[in-house]
Amino acid sequence: MSSRRSIGRPAKRWAPARRSWNPLVRWAQAVRDPEAGWGRRLMAAVGGAVGFALALALVGALAFAGYAWRLAESTPDAYALARATRSQPTVVLDVRGKRLTQFEPDFREWVPLDSIPLHLVDALLATEDRRFYAHGGVDVRRAAAAVWNTARGRREGGSTVTQQLARNLFPEEIGSEGTVRRKTMEMLAARAIERDHTKREILEAYLNTVPFLYNATGVELAARTYFGAHAPDLTVPQAATLVAMLKGPDAYNPVRRPEAAKKRRDLVLRLMADTGALSRADAARYQAAPLGVELAPQPSTYSAAPHFTAAVRAALDAWAVPRGYDVDRDGLVVWTTLDLGLQREAEAAVAERAQRLQRTADAQWRRGPPRRALDAALRRTDAYARLRDGGASEADALADRALVDSVGGAVRRVEAALVALVPETGAVRAYVGSRDFAVDEYDHAGVARRQPGSTFKAFVFASALQRGYAPDDEIEGGAATVELDDGTEWTPTGGVSAGTLEDALAYSKNAATARLTQEVGPHRVALVAQQMGVESPLDVVPSIGLGTSPVTLLEMVSAYGTAANEGLRRAPLLITRVETASGQVLDTFGGTGAQVLTRRDARNLVQMLRAAVDRGTGRDLRRLGATGDLAGKTGTTQRYADGWFIALRPGLAVGAWVGFNDPRVTFRSKATGEGSKTALPVVAGFLSRVQDRLPPATLPAPPETFDFAFGADSLTTGDPWGGGSWEDDPWGDGAYGAGWDVDRPLRGDSLDIERPEQDRPALGSGRPARDAGWSGAADRGRIGPPDPRGQPPPRLRGPGAPRAPEAPREPAGAAPPRTAPPREPAPVTNPNNRGGRTAEEMIRDARDGGADDG
């Protein structure tokens, strides 16, 4: 047997690994070193972990320091506490110096710390900040404990009283969201406050700025709201109840959640006993007492014209913020354009007519408003949300009888708005945003956008005047049919187009307006509307002339005022000047305006609107008591959802809107829902109340009534107002009643407006050419912000552009006296019927197709 020789491998010997530059690798090698003892390896493992944690903490601290340094610029300054607590409110005055309101912080009733019960302070510190006198604004120990408990799933707050004060004083700068940024700014602001203020000052400021719901900010208003007492008279249980609300005013509301509020109050009393502020026996005795809440909500800051002052506040903030002023605290004096006397008359006119219309609406919707509108309103209520949270199905929640009855009345509530301004300056004299601000705070005058209906037709006829048409140009009969880009045809309903341009506007004929819109082009109509004062986005569509694009009442009244001001555009003016408390003028407001219509075109447009009041759809204005030289236009949208009327009188442009908050709720008949039945009586009621205090004057007369002097411009000579006196100053602000600015130069009849180089097309020549108006997708657009679509409006030519030749006209006769309306009212058979329609007029209207809009 042969023996084999075994070849053995040499034993593997351990060699130390190559040292790495990476500290983590080196730490791992040390932990796994087989030649090192277990104690040494354990020390390496623990030491490395601790060192790594310290390195991470150092890096995090440096990163946080850099982040905090970046936020320091936007953190309120250290002096901000003194500025916030020792502030002066901004006073808002009307045109005659009467106080309208004042802008001030929410904490309006300041109570010194010496008048606040000691047990209220003890309850606060025992619950919110036990180490208040030991920290410098930020309690690091408590903050670390809050982070640890929150990480373990038990959320806990770590803000000190000083941090909460910073959040109360500067809610916009710091915010309330649970983010790192907010907590960092809160801590920086707290440190700044602690550096420059004593603990007593901080406690006093906190107790006077903490919110307690129901417009109650600070302990004084809270004591009145919940207990009908003053802050110095609060008992221990009452003080504990208020402190209990600090954790969450909604969650521990003693009115809506008394059980939760009492449980939290008893906890506050127990914590007071733990800190020695109360004995155990007293705490138990107080815990047995009821809450004893008697709710008496405190009113918000009073305003004599709340919708107007809200608009003033928005304009004032836009002016103050870039200049570094604090509207609530810097003691400014703001002079506005409102006339409080006219405001009261406007409110009375709105209330009187709205009450009558409300009875009509209640009768028409006695079985309930439209279901879709009602369901939409129900879904927005807190009661609906509570029913759904309680397990009720959507159908059951929407069918809850008590909820439906309470919401149904609000859905069918008639709302109304009125605006009156001076066309020559843009000064707003009356501004009513709703029937009752306490019931409906929504501003229907300057915020709500609704379809204007036939009031928008004025811009169509202004565009036609720009193109060279005249008010007495004839429109031959025939319906206006528009071919759309998809091959379909659109024919507006409502009468025929026969008659003059003046008749078409006076009787509000839809067919004539649509035909004229084709002739001048929808783009031009939108452009003219925006030049005259409409700022809302406009859809450039064939129906634009019938008022299909939503706008606000304020901008429509302002645009009509441009016509009354002979084509000079003046933006609505709310504020005239801002002063300091000592009377130093900081800024004045108002401008020179912009000429957007020639004086000839503006006067012709006013004459056409005058015809609408004298014999057209606005003839009821005189019957209801308005006198003097008047012009205006009615408007009604589909299914009578909106009623409009805008009137022009020397020195005033007045407009009213009537409708419902939800456009799906409407008046249900023509006799009750047309603008002549809803909005016109509001304007008539206002004018009849104020017309006696306005100076006698007339609107600008049509150009034909002026005498032509050889080599002179007939529209820049003579008295521009045809009456009135410069000594008449009904507003008390140095502006003439008709509003004319003596320093404003009269401008000639030359303007940057495109004029056709060829003769104007005949209105009765059949269907207009497509290139004259709507031409399909290429012309579809939207004029105005935001994001215009489609082609831009036509470019304007410079002065001296060729104008369409006009045929010579016969003189219109002698001008009427300048102290009386230029045209007498139509004769009537019944002497008691002032300005009513005669039988001959009704027969003629029926033969011509009738008026399309009321």
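A residue is taken as buried when its relative accessible area is under 20%. By this criterion, buried residues make up 49% of the 854 residues in the chain of this predicted model. The accessible surface of the chain comes to about 40,800 Å², and carbon and sulfur atoms contribute 53% of that surface. The chain contains 29 helices and 18 strands. Among contacts with a separation of 6 or more, 72% are accounted for by residues 24 or more positions apart.

Strand β3 (residues 333–336) is paired with two strands, β1 and β12. With strand β1 (residues 90–93), the pairing is parallel and runs over three bridges; V91 has V333 of β3 as its bridge partner. With strand β12 (residues 575–579), the pairing is antiparallel and runs over four bridges, and here T336 has I575 of β12 as its bridge partner. In a regular strand, side chains alternate between the two faces of the sheet. In β3, V333 and W335 point one way, whereas V334 and T336 point the other way. All of these residues are buried.

Helix α9 (residues 199–209) is mostly covered, with eight of its 11 residues buried. The buried residues of α9 are K199, I202, L203, A205, Y206, L207, N208 and T209. Helix α2 spans residues 38–71 and includes L42. L42 has a relative accessible area of 47% and is therefore classed as partly exposed, the range for that class lying between 20% and 50%. Together with W38, V46, V50 and L54, L42 makes a nonpolar surface patch of about 560 Å².

How values were computed: Residues are numbered from 1 along each chain as its sequence is written. This is a predicted model: local features need pLDDT of at least 70, side-chain atom pairs count only at pLDDT 80 or more; totals for chains, interfaces and linings use all residues. Side-chain values use heavy atoms; hydrogens and water are left out. Patches are made of residues with over 30% relative accessible area and no salt bridge: like charges are joined within 9 Å, nonpolar side chains (Val, Leu, Ile, Met, Phe, Trp, Tyr) within 5 Å. Accessible areas come from the Shrake-Rupley method with a 1.4 Å probe; for residues, only the protein chains shown count as cover. A salt bridge is a side-chain nitrogen of Lys or Arg within 4 Å of a carboxyl oxygen of Asp or Glu. Buried means under 20% relative accessible area, exposed over 50%, partly exposed in between (1.4 Å probe, protein chains only). Contact means heavy atoms within 4.5 Å. Two strands pair if DSSP finds at least two bridges between them.
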